[in-house]
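Please find below a colleague's note for someone opening this entry for the first time. The points are numbered so that they can be checked one by one against the coordinates.

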Amino acid sequence: MAFAVVAQTSGITRPGPIGALLLTGLGLTALQAVPLPTPLVEWLQPHAVQHTTESARLLGSEPPAFVALSLAPIASWTALLRGVACAAVYAASCSVARRLGRRAVLELTSAAVGVTALVIGAHAAAGTELVYGVYDPIYVQPRLVGPVLNGNHLSGLMVLGAVTSFWLSTTSEGRSQRVAWLGLCLLEAAFALYTLSRGGAAALGLAFFLLAGLSLRSRSRVRSRQRVALTWTVAVLIIGGAVIVDWASSDLRTQFESGPYEKHELALEGVQVALAH
């Protein structure tokens with residue numbers, strides 16, 4: 001969506017290089033996932049043939065005549081489906097930006113994230129731990145029940161919505177529209193912080209820091225409005241974030257006391273290896 005907005009701003013009316021890059025990536029991923037003749041795969045990727053042949057032997061069946069290049073075909077098909085989804089979003093965004101303008105893309109993006117936030121709020125208000133009152137997420141224990149159960153993914157989505165909603169609030173003409181977009185921004189930012197995702201919190205802070213820099217450089221008539229709205233937004237985010245972290249401090253203490261620290265140890269080892277080489 002961002003590429004589509006930039007393309008529209010630059011006057012690019014066709015998918016161009018981004019579309020070509022997406023199609024190339026899809027083609028390469030499909031090449032990894034689609035079964036090919038075994039002799040060809042044995043020449044290109046002998047480990048794939050070896051694994052497939054061994055699996056067939058253990059199952060008491062004949063070695064297949066066609067083998068995928070990928071050592072994890074299911075994961076490759078999953079990646080291909082994700083790539084198709086990304087390409088579809090880009091194509092739809094380009095179409096909307098070309099017909100209705102780039103603002104329409106941002107409004108649709110913010111509205112979609114806002115609907116997700118409202119659905120999460122409805123779950124919290126109902127006090128249910130079932131997604132849509134039906135699905136019990138037995139493999140995860142999300143802090144916020146809704147369409148997105150992974151805390152990091154949800155936080156990233158909410159940051160996207162918060163930044164987009166804030167920009168829309170500073171560029172809308174009507175007072176009611178500015179208030180609505182800013183309110184949605186605060187709701188999405190609160191959910192992003194409540195997930196306790198460190199990456200999401202860092203992305204939120206960095207995004208608003210960059211917005212502050214852009215607003216200071218702006219010479220348009222909305223500059224003063226941006227600065228005032230940004231000041232109040234950041235103030236509310238800091239206060240709200242402090243309250244949320246304090247509310248969840250017992251969970252944080254439990255995490256720090258019980259560990260585990262595998263990710264931190266792995267990161268430290270990676271830094272040491274990089275410094276040594």
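The points below go from the whole chain to single residues.

1. Overall make-up. This is a predicted model. Its protein chain has twelve helices and two strands. In order along the sequence, the elements read α-α-β-α-α-β-α-α-α-α-α-α-α-α. The chain has 277 residues, of which 30% count as buried. Among contacts with a separation of 6 or more, 67% join residues 24 or more positions apart.

2. The largest core. Which residues have the most contacts inside the largest nonpolar core? They are Leu144, Met158, Phe191, Leu204 and Phe208, in a core of 18 residues. Two or more residues of this core come from each of helix H6 (102-126), helix H7 (151-171), helix H8 (175-194) and helix H9 (198-217). H8 gives the largest share, six residues. In soluble globular proteins, nonpolar side chains tend to be buried together.

3. Leaving out residues up to four places away in sequence, Phe191 touches Ala117, Ile120, Gly121, Leu144 and Met158. Another core, of six residues, lies apart from the largest one; Leu36, Val41, Val67 and Leu69 are among its members.

4. Helix H6. H6 has 25 residues, so at 1.5 Å a residue the helix should span 36 Å; the end C-alpha atoms are 37 Å apart, which agrees. The buried residues of H6 are Ala104, Val105, Leu106, Thr109, Ser110, Val113, Gly114, Thr116, Ala117, Ile120 and His123. Just after the helix comes Gly127, with a positive phi of about 70 degrees.

5. Gly146, between H6 and H7. Gly146 sits in the loop that joins these two helices. The relative accessible area of Gly146 is 1%, and this residue is therefore buried, the limit being under 20%. Beyond four places in sequence, Gly146 touches Ile120, His123 and Val131. Ile120 and His123 are also on the list of buried residues in H6.

6. Ser165 in H7. Apart from neighbours up to four places away in sequence, Ser165 touches Ser110, Trp181, Leu184, Cys185 and Glu188.

7. Ser155 belongs to helix H7 and counts as buried, at 0% relative accessibility. Setting aside residues within four places in sequence, Ser155 is in contact with Ala192, Thr195, Ser197, Gly200 and Ala201. Ser155 and Gly199 are 44 residues apart in sequence, while their C-alpha atoms are 8.2 Å apart in space. Ser169 is likewise found in helix H7, and is buried with a relative accessible area of 4%. A polar atom of the Ser169 side chain lies 2.6 Å from the backbone oxygen of Phe166. With residues up to four places away left out, Ser169 touches Arg178, Trp181 and Leu182.

8. Helix H8. H8 has 20 residues and reaches 29 Å from its first C-alpha to its last, close to the expected 28 Å. Leu196 follows the helix with a positive phi, near 60 degrees.

9. Aromatic rings. How many aromatic pairs does the structure hold? The count is zero. The ring of Tyr194 does have a charged residue over its face: Arg143 lies there, at 4.5 Å from the ring centre.

Key:
Residues are numbered from 1 along each chain as its sequence is written. This is a predicted model: local features need pLDDT of at least 70, side-chain atom pairs count only at pLDDT 80 or more; totals for chains, interfaces and linings use all residues. Side-chain values use heavy atoms; hydrogens and water are left out. Rings of Phe, Tyr and Trp (its six-membered ring) pair if their centres lie within 6.5 Å; planes under 30 degrees apart count as stacked, over 60 as edge-to-face and the rest as tilted. A charge sits over a ring if NZ of Lys or CZ of Arg is within 6 Å of the ring centre and within 35 degrees of the ring normal. A nonpolar core is a set of buried Ala, Val, Leu, Ile, Met, Phe, Trp, Tyr and Cys residues joined through side-chain atoms within 4.5 Å. Buried means under 20% relative accessible area, exposed over 50%, partly exposed in between (1.4 Å probe, protein chains only). Helices (H or I, at least four residues) and strands (E, at least two) are DSSP runs, numbered from the N terminus. Contact means heavy atoms within 4.5 Å. The expected span of a helix is 1.5 Å times one less than its number of residues. A polar contact is a pair of N or O atoms within 3.5 Å; within protein, one must be able to donate a hydrogen and the other to accept it, and residues adjacent in sequence count only if both atoms are side-chain atoms.
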